Amino acid sequence: MASGHSSTEEMAPKKIKKERPAVRAFKDFYHRLKKNKAALVGGYLIIFLILVATIGPFLTTDGVNEVNYTQKLESPSTENWFGTDHQGRDIFTRIIHGTGYTLLVGFLSVLMGGIVGTLLGIVSGYYGGKIDTVIMRFMDILLAFPGILLALAIISILGGNFINVIIAVAIFSIPTFARIVRGSTLATRELEYVDAVKALGAKDSRIIFKHILPNVLSPLIVQSTLQIATAILTASGLSFLGLGAQPPSPEWGAMLNDGRNYMLDYGYIALFPGLAIVLAVLAFNIFGDGLRDALDPKSKK
Amino acid sequence: MSEEIILDIKNLQTVFRDEDSEVRAVDGVSFSLPKGKTLGVVGESGSGKSVTALSILRLIDHPGKVEGGEINFKGKDLTKISDKEMRSIRGNQISMIFQEPMTSLNPVYTIGQQIRETLKVHQGLGKQSGNEKSVELLKLVGIPSPEDRIKQYPHELSGGMRQRVMIAIALACNPELLIADEPTTALDVTIQAQILELINRLQDEMGMSVIMITHDMGVVAETCDYVAVMYGGKVVEYADVKTLFKDPKHPYTVGLLNSIPRHDIDVDELEPIRGSVPSPKDMPKGCRFASRCPFATDLCVEELPSLDEIEDGNEVRCWIYSDRWDGDPEVKEHGPKRTS
């Protein structure tokens, strides 16, 4: 790609494409992402999951919580593609309905954690000194807890429901964001253009949001994608332990827990929700890795 | 000198301090700049030139601090005004151009967006009028087809072009004082001349005052009206540019002039100033230049000379010109010589 061969001083201005800069940037980005096949697969998988979550529930014929004791614990068939569970509910239908829940927990918790963590990290890195010490030591304390334990503790304080799972997972992702953003902020702050903008009379808030934030965005986007995978895993884990989504909601972790008792005889009850979790986590992970490569200017060839 | 003084710095002290050491990067600098004129601030690396410039704009970061002195800009002491007032002066009345054009522009915004930002902050111009003004400014600094350029990103421009953009941004609000911190150091020689010429031309057109920070005596000769030579955080000589080149007084100024090639006389070997600048953590108590000065006496090592006016408008910080000079009387008679 044309990565700025410095034009000679009085050279005739080159033809500038009439595309909007954002469109140009996105095309460039997609071009690089396309070279990484795994990332592309991850991206399509995420789109697929989103489609399933939004359209899927309208296409299923069985009710989510339609209990049918005459068909309980049935093996996968053309009737019930993934079989039925101990209450005769269609597992395929439940997985489809659970997709939205899983994605929502992932997105919302990362959004919340990301916003708070980014603010803390950028303030910490920009101002330094005592503010930095206080914020980062607090982040260290949060990080010192194993993630799931921290989430467990928060859930036991707040009580287990949908919103609280999101809050718990969000809190648990704050320190990761704060650290990454702080690191990038420290590097960006020292760049000369920040001094230049300061010399032009810009306020701190303007410098932080207009000049530092956009430059820490690329590690932030990558981390967000990877963090969604972790959030999905943690949320499922909480539900599996009975602290997240409460029955009869079709949460994948909760379904996994339902299937636990029938593991030896009817493995598919646990297998399919488990596979769904793996698929979602994998999709976000490989997409995140691909993003990192695509957004890293050093690999920009 | 009956001209109006736009900037008058008195006894400026900028100190960088951590737990166990302190560095007096600027130690009692005083100079003044008449309106519409150019002052050159010259000195080796580490002599405190850039710190002086940043102190004027109050851009010294922790752990540095301006600890004393006055910076009178149009009768207002910049060390005393509020942060808000200072912000409204930066970029509006006093602008600065930095040394490194390659990194002085934010890579994520287009040229136009970055010029517009200053216009928005200080003059509240919207997108439309901001764009028109940006094109006008780019035209002013000699960038061809500015309508297309404002849509480009910094990486699409060469170093010289970027420095022109920086100058355009600095001039956006018609500042009364422009501080140029080695604006040509990172550029090709051919581009250097163009940029200097541009600054000179714009100064004439807009009636700005300029502080030109440089270590290049050629730049000084070409652009400045007055010169302050700095060494070890202090001004050692202040003179108008003609006097400085014709009759340099301080041995350090003489040394600087001797260490650059001349075209008017044939010199086989340049005469460098031996040694290097003393560490600012451990400044000698006497004259800071004593350890490298060919004329230094015990008095120079023991006691710091003061900056005295020895001729009209010509100040020198050297014992040679005082009554207490105890070295070679010959030196006092003729002054330190340039290579001839």
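Which residues of β9(B) lie on one side and which on the other, and are they buried or exposed? In this predicted model, Y226(B), A228(B) and M230(B) are on one side of the strand while V227(B), V229(B) and Y231(B) are on the other, and all of them are buried, so that both faces of β9(B) are covered.

- Strand β9 of chain B spans residues 226-231, and because 6 of its 6 residues are buried, the strand is largely enclosed by the rest of the structure.
- In a regular strand the side chains alternate between the two faces of the sheet.
- With strand β3 of chain B, which covers residues 38-42, β9(B) pairs in the parallel sense over 4 bridges, and in this pairing V41(B) stands opposite A228(B).
- With strand β10 of chain B, residues 234-240, β9(B) runs antiparallel, and the two are joined by 6 bridges; here Y226(B) stands opposite D240(B).
- β9(B) and β10(B) form a hairpin that has 2 residues between the strands, and G232(B), which lies in the turn, has a positive phi of about 55 degrees.

**An open sheet in chain B**

- Chain B also holds an open sheet of 4 strands, arranged in the order β2-β1-β4-β5 with antiparallel pairing.
- The edge strands of this sheet are β2 (21-34) and β5 (76-77) of chain B, each of which pairs on one side only.
- Strand β1 of chain B, made of residues 5-18, pairs with β2(B) in the antiparallel sense over 11 bridges, and T14(B) is found opposite V26(B) of β2(B).
- Helix α1 of chain B (residues 49-56) packs on the sheet, where it touches β1, β2 and β4 (64-73) of chain B, and the direction of the helix makes about 110 degrees with that of β1(B).

**Two packed helices in chain B**

- Two packed helices are described by the angle between their axes and the distance between the axes.
- For helix α3 (residues 111-123) and helix α4 (residues 127-140) of chain B, the angle is about 110 degrees and the axes are 9 Å apart, which makes α3(B) roughly perpendicular to α4(B).
- On the α3(B) side the contact is made by I111(B), G112(B), I115(B), R116(B) and L119(B), whereas α4(B) contributes K127(B), G130(B), N131(B), K133(B), S134(B), L137(B) and L138(B).
- Sorted by class, the residues in this contact are 5 nonpolar, 4 polar and 3 charged.
- S134(B), which is placed in helix α4 of chain B, has 0% relative accessibility and therefore counts as buried.
- Leaving aside residues up to four places away in sequence, S134(B) touches G112(B), I115(B), R116(B), L119(B) and I150(B).

**A covered helix in chain A**

- Helix α7 of chain A, residues 192-199, is mostly covered, as 7 of its 8 residues are buried.
- These buried residues are E192(A), Y193(A), V194(A), A196(A), V197(A), K198(A) and A199(A).
- The buried residues of α7(A) pack against elements of both chains, namely α3 (91-127), α6 (162-189) and α8 (204-240) of chain A together with β6 (94-97), α3 and α6 (159-171) of chain B.
- Just after α7(A), G201(A) takes a positive phi of about 95 degrees.

**Annotations from UniProt**

- An unreviewed UniProt entry gives the annotation "transmembrane region" to residues 38-59, 101-126, 138-157, 163-181 and 266-288 of chain A.
- In the model, residues 38-59 of chain A are 100% helix and 0% strand, with end C-alpha atoms 29 Å apart, while residues 101-126 of chain A are 100% helix and 0% strand, with end C-alpha atoms 37 Å apart.
- For chain B, UniProt places the feature "domain: ABC transporter" (unreviewed entry) at residues 7-257, a span that is 39% helix and 28% strand in the model, with its end C-alpha atoms 27 Å apart.

Terms used:
Residues are numbered from 1 along each chain as its sequence is written. Chains are lettered from A and ligands numbered from 1 in the order in which they are written. This is a predicted model: local features need pLDDT of at least 70, side-chain atom pairs count only at pLDDT 80 or more; totals for chains, interfaces and linings use all residues. Side-chain values use heavy atoms; hydrogens and water are left out. Axes are lines fitted to C-alpha atoms, for helices over the stretch in contact, and angles run from 0 to 180 degrees between N-to-C directions. Angles under 35 degrees count as roughly parallel, over 145 as roughly antiparallel, 65 to 115 as roughly perpendicular and the rest as oblique. Contact means heavy atoms within 4.5 Å. Ala, Val, Leu, Ile, Met, Phe, Trp, Tyr, Cys and Pro count as nonpolar, Asp, Glu, Lys and Arg as charged, and the others, Gly among them, as polar. Buried means under 20% relative accessible area, exposed over 50%, partly exposed in between (1.4 Å probe, protein chains only). Two strands pair if DSSP finds at least two bridges between them. UniProt positions are given in the numbering used here, feature names are shortened, and annotations may be inferred rather than shown by experiment.
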